[in-house]
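Subject: Structure for you to look at

Hello,

Here is the structure I said I would pass on. Please open it before you read the notes under it.

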Amino acid sequence: ETYDALLKKRATIKTFASGILVPKNYVWPVGKDGYLQPATTLVADAHREGLEVYVAGFASDTFSSYNYSYDPEVEYLQFVDNSQFSVDGVVTEFPGSASNAIGKKS
């Protein structure tokens with residue numbers, strides 16, 4: 001099955017897992033123009049099913065979106081501290097950037 005198809009089976013996933021790990025573009029897609037598209041409902045849908053959501057694909061050394069002004073901390077905060085939702089965790093190769101961002105949130 002494709003990843004997209006599996007994500008539609010959240011109730012089934014809940015029977016054997018407490019959370020899901022998804023690429024960040026499944027939560028906040030970036031358009032071909034390099035700007036963020038509207039957030040998907042994936043986090044809200046998964047939380048409604050009782051699943052935690054962890055997001056992967058963060059890297060401080062690659063371009064992500066013009067919306068972040070090349071600041072990885074702004075990107076992390078977009079996922080953990082916005083008015084729509086908060087993911088339960090992030091997976092990154094640059095834990096210092098994530099820790100600094102989340103430390104500023106407190």
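The notes below cover the nonpolar core and then the aromatic rings.

Please keep in mind that this is a predicted model.

The core first. The largest nonpolar core has 22 residues, and those touching the most other members are Ile20, Val22, Val27, Val53, Val55, Phe79 and Val87. Two or more residues come from each of β1 (19-23), α3 (42-48), β2 (52-58), α4 (72-80) and α5 (95-105). As background, nonpolar side chains in soluble globular proteins tend to be buried together.

Apart from neighbours within four places in sequence, Val22 is in contact with Tyr3, Leu7, Val27, Leu42, Val53, Tyr54, Val55 and Ala56.

Now the rings. The whole structure holds six aromatic pairs. One of them joins Trp28 and Phe85, with 5.2 Å from centre to centre and 45 degrees between the planes, and is tilted. Trp28 sits in the loop between β1 and α3, while Phe85 sits in the loop between α4 and β3 (89-92), so this pair ties together parts 57 residues apart in sequence. Trp28 and Phe85 are both buried.

The pair of Phe58 and Tyr76 is stacked, because the ring centres are 4.8 Å apart and the planes are at 25 degrees, and stacked means under 30 degrees. Phe58 belongs to strand β2 and Tyr76 to helix α4, so the pair links parts that are 18 residues apart in sequence. Phe58 and Tyr76 are buried too.

Finally, Trp28, Phe58, Tyr76, Phe79 and Phe85 make up one aromatic cluster. Phe79 is also on the list of core residues given above.

Regards

Conventions:
Residues are numbered from 1 along each chain as its sequence is written. This is a predicted model: local features need pLDDT of at least 70, side-chain atom pairs count only at pLDDT 80 or more; totals for chains, interfaces and linings use all residues. Side-chain values use heavy atoms; hydrogens and water are left out. A nonpolar core is a set of buried Ala, Val, Leu, Ile, Met, Phe, Trp, Tyr and Cys residues joined through side-chain atoms within 4.5 Å. Buried means under 20% relative accessible area, exposed over 50%, partly exposed in between (1.4 Å probe, protein chains only). Helices (H or I, at least four residues) and strands (E, at least two) are DSSP runs, numbered from the N terminus. Contact means heavy atoms within 4.5 Å. Rings of Phe, Tyr and Trp (its six-membered ring) pair if their centres lie within 6.5 Å; planes under 30 degrees apart count as stacked, over 60 as edge-to-face and the rest as tilted.
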